[in-house]
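Have a look at it first, and then we'll go through the details.

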Amino acid sequence: MERQDHGLGFLLRFENVAWYEDGQVRILDRRIYPSEIRFVTCHRHEEVAQAIADMVTQSAGPYTAAGMGMALAAFEADNLSVEQWEACMTKAAFTLSHARPTTINRMMMITENCLKVAREARAAGSKVDEAIFAHTVGSMNRRYSKISQVASYLVDLFPDKGAIMTQCFGETIVGTMLREAAKRGKQIKLYCPETRPFLQGARLTASVAQDQGFDTTVITDNMPAVTMQTKSIDLFTSAADSICLDGHIVNKVGTMQIAITAKHFGVPYFVTGIPDRELEFISQVHIEERDPEEALSFRGVKHTLDGVQGYYPSFDITPPHLVSGVVTDQGVMSAYDLKRYYSNNTSSYW
């Protein structure tokens, strides 16, 4: 297998996302990177689910962590009877896939595929944890490969020496679009809103861009409008946690307000990713509301007086009329025509 993480930033190398080995899962703690490079080690699959819920890993990181967590569950269940093993693995699949509510549909595809691999490996007398681990690495490699195709179409839209605004941390698309831009000699400049309260844009997107040699500027979350106005932003892009077939985009909270600003200034907004076949309508998506305390503090330092309340919806919804196009591995599609994506035979990378 030719690994598809070549040339990408530290955060995106397979071992630095989530990794199963010797009966434990190691996850890079993205809550504190790059101030510290520290890994959270999980000895039970429930600890992996808790790490996902606690934002130890974010963006597409939970997809990999869930697969590695299933390998750990298989290690835990190795000596159980057939009935006990089936119950344990089925429960682990539910626990891991439901760690956070908004992306349950994608996470269930991951854990169900791991269950299928597990049953086949057990029936064949193979090491189940090793089979799930190999499947998860292969799935990650397929995702990187498919998103590299998305990146190729996205970079087609970048002007040479263009100014690009991002939002939050789009994981694989961030690294692959920068790798593709470098390959073509496009000297783009990135503007990254910080993405409070966890600062994924400042700590993660900007770190990957810096790692890969790009001119990178971080702005606070109340600066996108003035930045578009004064810095000649050519294009705004983000990934998405859900792309509904009705054209609504679910992404890190703050995406919608940047999309509105982009519309005002005539800056195109291109979403990247694969439409979610299971999400025909936005009404099917449950927006996660996190602990309000996360909006009142950062890394344990409280900003407010006692009694002040917080509100933290983790995602917002951008309607299709604010979306210039959805960039997929099949090309750029209208947000109003996403069902067409599945008119062709498409292979899943989950």
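Let's start at Glu171, which is buried with a relative accessible area of 0%. Here, buried means under 20% relative accessible area, exposed means over 50%, and partly exposed is in between (1.4 Å probe, protein chains only). Glu171 has a phi near 50°, a positive value in a residue other than glycine, and is found in the loop between S4 and H6. Those labels follow DSSP runs numbered from the N terminus: helices are H or I runs of at least four residues, and strands are E runs of at least two.

A quick note on what you're looking at: this is a predicted model, where local features need pLDDT of at least 70, side-chain atom pairs count only at pLDDT 80 or more, and totals for chains, interfaces and linings use all residues. Residues are numbered from 1 along each chain as its sequence is written, and side-chain values use heavy atoms, with hydrogens and water left out.

Cys168 is found in the loop between strand S4 (163-165) and helix H6 (172-184). Its phi is near 60°, again a positive value in a residue other than glycine, and Cys168 is buried at 10% relative accessible area.

On to the cysteines. How many disulfides does a search of the whole structure find? It finds zero, taking a disulfide as a pair of cysteine sulfur atoms within 2.5 Å. The sulfur of Cys114 is too far for a bond, because the closest cysteine sulfur, in Cys88, is 14 Å away. Cys192 is in no disulfide either, with the nearest cysteine sulfur, that of Cys168, 11 Å away. Cys114 is buried at 1% relative accessibility, and Cys192 is buried at 0%.

Now for the inside. In soluble globular proteins, nonpolar side chains tend to be buried together. The largest nonpolar core here has 98 residues, and those with the most contacts inside it include Ile27, Met70 and Phe236. Such a core is a set of buried Ala, Val, Leu, Ile, Met, Phe, Trp, Tyr and Cys residues joined through side-chain atoms within 4.5 Å. Helix H5 (residues 128-156) gives the most to this core, with ten residues. Apart from it lies another core of six residues, among them Val250 and Phe315.

Helix H9 (residues 255-265) has buried residues too: Thr255, Ile258, Ala259, Thr261 and Ala262. They sit on the same side of H9, because they cover an arc of only 160° around the axis, going by the directions from the helix axis to the C-beta atoms. The face turned away from that buried side carries the exposed residues Lys263 and His264.

What about rings? The structure holds six aromatic pairs. Rings of Phe, Tyr and Trp (its six-membered ring) pair if their centres lie within 6.5 Å; planes under 30 degrees apart count as stacked, over 60 as edge-to-face and the rest as tilted. Two of the pairs are shown here.

| Ring pair | Centre distance | Plane angle | Kind |
|---|---|---|---|
| Phe236 and Tyr269 | 4.5 Å | 20° | stacked |
| Tyr341 and Tyr342 | 4.9 Å | 80° | edge-to-face |

Phe236 is in strand S7 (residues 235-238) and Tyr269 is in strand S10 (residues 269-272), 33 residues apart, so this pair links distant parts of the chain. Phe236 is buried at 0% relative accessible area, and Tyr269 is buried at 1%.
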